[in-house]
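Subject: Structure handover

Hello,

Here is the structure I promised to pass on. Please open it before you read further.

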Amino acid sequence: MDLQVQSERQNDTGRLRSSALVRPVFAALDLGTNNCRLLIAKSAPGGFRVIDAFSRIVRLGEGLSRNDHLSEPAMERTIAALRVCGSKIERRGCTAVRAVGTEACRRAANGAAFVEAVERETGIPLEIISSQEEGRLALAGCAALLEPTHPYALVFDIGGGSTELMWLQVEKGRAPRLLDQTSIRCGVIGLTEEYGGPNVTRANYTQMVEAVADAIAPFEARNRIQSRIAAGKVQMLGTSGTVTTLAGVHLGLCRYDRRAVDGSYLRVDHARAVIDHLVAQDFDGRARHPCIGQDRADLVVAGCAVLDALCDVWPVERLRIADRGLREGILVDLIGAAGE
């Protein structure tokens, strides 16, 4: 055999072995109304293994409820966080990336211009997704926590700009079937700005709960969820900072620990005891709690009001807590598309 041909074949074999050893790297970025969050992962048996992550409160939707535009300071904060994400994505050699913007980007009159600025400044192609797609991805990320012991499930995601609700049928051995879905414009940033900011009175809090209850009433009327709850057929699963925070506070964690919270159960009476305690505290008192902190001490009360309203309308005995959701759903999609 010609030595040059033999050498080329050996090089080709080496390249094939090398490429077989290099596993795809996936990046999922969720830019919400309040948070910018990134997960970078590789596929693993039964799912994926996270190799890098980033989370920063950016409050992109700050002031949006008043003027329908993203403010310059909010966009600057967000782009600074996205630059960090872009650096991580590049450094990790990500082979598939999906970055999505949710309610703030959907709602803002300058949302499209912001998306252009993000790609220009950070290199990240940001995709504004519908509330339906947002719900689908969140469900894909947390569906593994649904129990086949209950034939129906109510899944909710309390966000910065909206709250997503999904009504599902659950059957053993099958993916949950979506029966109905809605998005209500009751998110923690908008409610906080409308009902008192960092210092919420008990009267303000009651008004928030009533506003959320009014917003979800049509969803209840369409689906008659209360009757199935009375028959013991409904489980409730929450995926949001609000429910993970309440679980962390209830567990008395000295610092937030995802392993202790994700997949845990929280009785509604225990959740309400924590809520009463937090609403009675001032901003500084809430900020001192290690599971809340300065950045979320004002917003957590609005999240509590949303959860209170949900539990008023749909009186289940306990919630299952998911510290997973949209980003994990994106990763599931990306890994599936890659055939991993």
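First, some ground rules. This is a predicted model, in which local features need pLDDT of at least 70 and side-chain atom pairs count only at pLDDT 80 or more, while totals for chains, interfaces and linings use all residues. Residues are numbered from 1 along each chain as its sequence is written, and side-chain values use heavy atoms, with hydrogens and water left out.

**Two domains**

The protein chain is assigned domain 1 (25–129) and domain 2 (144–327). These bounds come from an automatic or database domain assignment. The C-alpha centres of the two domains are 23 Å apart. Domain 1 gives 22 residues to the contact and domain 2 gives 14. Contact here means heavy atoms within 4.5 Å.

How much area do domain 1 and domain 2 bury between them? The value is about 1,400 Å², with 55% of it on carbon and sulfur atoms. Buried area is the accessible area (1.4 Å probe) that two parts lose on being put together, summed over both. Look at I57, R59 and E103 on the domain 1 side. They supply 31% of the area that domain 1 buries against domain 2, more than any other three residues.

Charges meet across this interface too. There are four salt bridges between domain 1 and domain 2. A salt bridge is a side-chain nitrogen of Lys or Arg within 4 Å of a carboxyl oxygen of Asp or Glu. Side chains of opposite charge can pair when their charged atoms come close. D298 and R59 form a salt bridge, with their closest N and O atoms 2.8 Å apart.

Which elements give two or more residues to the side of domain 1 that touches domain 2? They are strand 1 (26–31), strand 2 (35–44), strand 3 (47–57), helix 2 (64–67) and helix 4 (103–107). Helices (H or I, at least four residues) and strands (E, at least two) are DSSP runs, numbered from the N terminus.

**Two residues with positive phi**

Most residues other than glycine have a negative phi. R59 has a phi near 50°, a positive value. R59 sits in the loop between strand 3 and helix 2. R59 is buried, at 16% relative accessibility. Buried means under 20% relative accessible area, exposed over 50%, and partly exposed in between (1.4 Å probe, protein chains only).

D68 also has a positive phi, near 65°. D68 is in the loop between helix 2 and helix 3 (72–91). Is D68 buried or partly exposed? D68 is partly exposed, with a relative accessible area of 39%.

**Salt bridges to look at**

- R136 and E133 form a salt bridge at 2.9 Å, N to O. Both lie in helix 6 (residues 131–142), three residues apart, about one turn of the helix. R136 is partly exposed at 37%, whereas E133 is buried at 18%.
- D180 and R222 form a salt bridge, with the closest N and O atoms 2.9 Å apart. D180 is in strand 8 (residues 177–184) and R222 is in helix 8 (residues 202–223), so the pair ties together parts that are 42 residues apart in sequence. D180 is buried, at 16% relative accessibility.
- R259 and D257 form a salt bridge at 3.3 Å, N to O. R259 is exposed at 73%, and D257 is partly exposed at 25%.

Salt bridges that share partners also join R98, E127, E133, R136 and D333 into one network.

**A buried aspartate**

Finish at D308, in helix 14 (residues 299–313). D308 is buried, with a relative accessible area of 10%. Which residues is D308 in contact with, leaving aside its neighbours within four places in sequence? They are Y205, V209, R272 and I275. The side chains of D308 and Y205 are joined by a polar contact of 2.7 Å.

Best wishes

Conventions:
Polar contact = N/O pair within 3.5 Å; in protein donor to acceptor, adjacent residues only side chain to side chain.
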